Protein chains: 2
Amino acid sequence: MKFEHETTSERARLGRLETAHGEVHTPAFMPVGTAATVKAMTPEMVRATGAEILLANTYHLMLRPGAERIARLGGLHRFMNWDGPILTDSGGFQVWSLAKLREIREEGVVFQSHLDGSRHELTPERAIEIQHQLDADITMAFDECTAWPTTEEDAAKSMRLSMRWAQRSKAAFREREGYGIFGIVQGSVFPDLRIESAECLLETGFDGYAIGGLSVGEAREKTAETLDATLPRLPEGKPRYLMGVGTPEDIVDAVSRGIDLFDCVLPTRSGRTGQAFTREGKLNLRNARHAEDPAPLDAACGCPACIGYSRAYLHHLTKSGEILSAILLTAHNLHYYQELMASLRDAIRRNALAAFLKAFHGAERRDELGAD
Amino acid sequence: MKFEHETTSERARLGRLETAHGEVHTPAFMPVGTAATVKAMTPEMVRATGAEILLANTYHLMLRPGAERIARLGGLHRFMNWDGPILTDSGGFQVWSLAKLREIREEGVVFQSHLDGSRHELTPERAIEIQHQLDADITMAFDECTAWPTTEEDAAKSMRLSMRWAQRSKAAFREREGYGIFGIVQGSVFPDLRIESAECLLETGFDGYAIGGLSVGEAREKTAETLDATLPRLPEGKPRYLMGVGTPEDIVDAVSRGIDLFDCVLPTRSGRTGQAFTREGKLNLRNARHAEDPAPLDAACGCPACIGYSRAYLHHLTKSGEILSAILLTAHNLHYYQELMASLRDAIRRNALAAFLKAFHGAERRDELGAD
């Protein structure tokens with residue numbers, strides 16, 4: 001898996017990742033396709049937002065429809081009709097956040113499915129096998145997501161278990177042209193643990209490095225501190241992925257610190273709950289103030305929702321619980337995120353990130369909260 | 001509103017209806033866009049199925065978002081981003097099937113909204129005014145849907161009320177180039193009442209004639225008998241619309257008897273509940289037998305669902321409750337219905353309806369019912 005690291009503006013990086021299923025221009029945002037679908041979108045709609053790579057979930061897909069079944073049906077790309085690159089997470093985070101009756105051992109994790117209570121096991125070897133069966137372009141090492149809040153002692157124990165699992169994950173990974181495996185730096189908000197974790201992963205050697213266990217409840221300054229302590233320890237020539245982050249502000253901040261890849265359910269989940277990201281902040285389409293507004297969400301946006309529809313219509317769809325509300329708002333939000341990434345790449349290319357950050361932070365944005 | 005009546009094959013008719021928002025080739029099926037959206041579809045997707053005209057509902061739109069609001073926002077076409085013709089029903093049927101605490105008087109109907117219990121009134125004059133506000137290309141006269149089962153006496157009373165309302169509807173209708181109003185023949189399954197109703201409407205004079213109050217529970221032979229008694233009384237040169245019908249079999253049968261227009265929620269509602277119309281019958285995608293099937297719904301179908309996806313994937317989406325299941329199956333079902341109409345038009349054009357009917361009825365179709 002080739003990663004070209006083209007230019008930098010401050011600490012931000014412009015890159016191009018070459019995978020078996022095509023290129024990804026970084027910094028990149030990966031829409032989340034949990035159960036082999038980006039919710040409320042066809043793959044053509046996702047592609048039209050500018051997305052080049054999707055994320056899918058080992059945990060969800062192993063439970064339903066099963067990784068062996070997807071393999072028999074030709075792999076995840078064919079199954080979900082997405083011919084671009086796919087990154088799969090390893091299941092560690094979802095076992096932690098969704099599964100019931102988890103039991104964590106050296107060998108791996110035994111848990112009950114949140115769907116039907118059935119008993120399953122994930123080990124590093126099994127997590128990698130599943131990701132092979134799915135035919136993920138980017139496989140993630142299996143890890144334990146450290147709880148928050150935590151003590152330094154517990155965080156160290158958890159991180160060291162993840163590091164032993166990372167080694168086993170790498171050993172189980174089958175090298176193929178255009179495919180790669182990323183290790184995940186853990187260590188909660190403790191800089192020494194993050195550094196130990198990064199060094200441990202470097203020793204094993206991965207095709208990319210992810211920062212896990214952030215945005216789980218810690219203060220925003222802690223996220224920034226942790227990134228700043230960790231990133232200098234990671235090799236310049238490999239992609240860096242901040243898992244599960246985040247808001248537009250979080251992404252802009254992390255790009256400026258040197259992150260290349262992101263994923264988050266925020267644009268898709270918000271789209272299904274009547275919320276739209278715009279340059280003036282997040283709009284809540286349920287609010288009565290939109291009921292008669294003939295203006296689009298954003299007059300400067302070229303997405304299908306902004307070209308065809310008024311805020312009044314989107315308000316009506318949202319209040320009426322119509323599926324088209326989820327379709328249009330998700331398309332808009334993903335478009336907004338991809339435009340943001342494209343603007344960031346452009347600013348880095350022109351060595352103009354400082355100006356971008358000034359404009360971005362200077363813009364007046366106000367998130368609209370509950371419905372009237 | 002011009003209707004050209006080009007050729008016939010047996011009693012079936014090939015026609016072209018010219019409206020203010022474009023042409024409709026008949027026999028035509030109108031997808032139902034109840035609340036100003038064909039559920040789970042963008043207008044582009046609906047257009048891509050071959051649909052030329054949509055139906056929308058006076059009852060739903062008067063309650064939410066309100067007809068005055070839609071008028072202020074430029075009318076229904078602009079509101080819902082559909083630039084083709086729209087037919088609106090008059091609200092009579094929905095008051096009958098959805099509203100609470102109905103009180104029917106000579107003047108009109110007083111009822112409570114099924115959404116919030118608020119009190120509303122619909123009279124012929126108000127129903128027509130709302131349809132003007134919506135800017136419907138085809139306005140439907142306000143009627144009372146006769147209950148089923150019913151006595152001939154009750155059916156006669158109900159029909160005669162609808163006929164007085166039809167006259168008032170016509171009087172309230174504002175003639176405009178490319179716009180028209182259809183009267184609705186009532187009279188339940190009693191041929192004499194249907195004939196009386198048809199003659200009554202003809203005396204007033206409408207741009208088209210609908211058959212209402214069928215497919216409400218009566219036996220299928222009764223539907224056919226009623227059509228055969230009614231249709232000869234309607235003028236050849238005006239379009240004939242069988243309201244709320246139906247299954248592919250119902251439509252083929254009614255076309256062969258001389259019907260030009262149809263609407264039904266079946267393809268869209270079925271699409272949201274995991275059911276797909278195919279030439280081998282209706283499939284239930286929840287059934288486990290589809291779980292590993294790499295074949296598309298229909299190898300000969302050119303819809304987005306059949307081109308991109310396996311039955312196995314559609315099964316997975318349906319079992320997982322994913323919105324994409326509703327999107328793809330609705331697109332497929334509407335495509336199936338539009339292909340059926342195109343085949344019917346083609347058969348009529350070639351004066352080959354008998355052969356079409358033989359092939360259609362000879363094909364082995366088996367509807368798949370409940371899920372495993």
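Of the 244 residues in the largest nonpolar core, A:Phe182 and B:Phe182 touch the most other members. A nonpolar core here is a set of buried Ala, Val, Leu, Ile, Met, Phe, Trp, Tyr and Cys residues joined through C-beta atoms within 7 Å; buried means that 20 or more other C-beta atoms, placed from the backbone, lie within 10 Å of a residue's own. This is a predicted model, where local features need pLDDT of at least 70, side-chain atom pairs count only at pLDDT 80 or more, and totals for chains, interfaces and linings use all residues. Residues are numbered from 1 along each chain as its sequence is written, while chains are lettered from A and ligands numbered from 1 in the order in which they are written.

Let's start at B:Phe182. Leaving aside neighbours within four places in sequence, its contacts (C-beta atoms, placed from the backbone, within 7 Å) include B:Ile138, B:Met140, B:Tyr241 and a run of B:Gly208, B:Tyr209 and B:Ala210.

Strands are DSSP runs of E with at least two residues, helices are runs of H or I with at least four, and both are numbered from the N terminus.

Now look to either partner of β12(B). Strand β11 (residues 180–185) of chain B runs parallel to β12(B), joined by 4 bridges; strands pair if DSSP finds at least two bridges between them. B:Val185 stands opposite B:Ile211. To get from β11(B) to β12(B), the chain goes through helix α8 (residues 191–204) in a right-handed β-α-β crossover, meaning the path over the helix runs clockwise with the strands pointing away from the viewer. Strand β13 (residues 240–242) of chain B is also parallel to β12(B), with 3 bridges, and B:Tyr241 is the bridge partner of B:Ala210.

On to the two chains together. 32 residues of chain B are in contact with 32 residues of chain A. On the chain B side, α13(B) gives the largest share, 5 residues.

Key: Contact = placed C-beta atoms within 7 Å. Buried ≥ 20, exposed ≤ 12 C-beta atoms within 10 Å, placed from the backbone.
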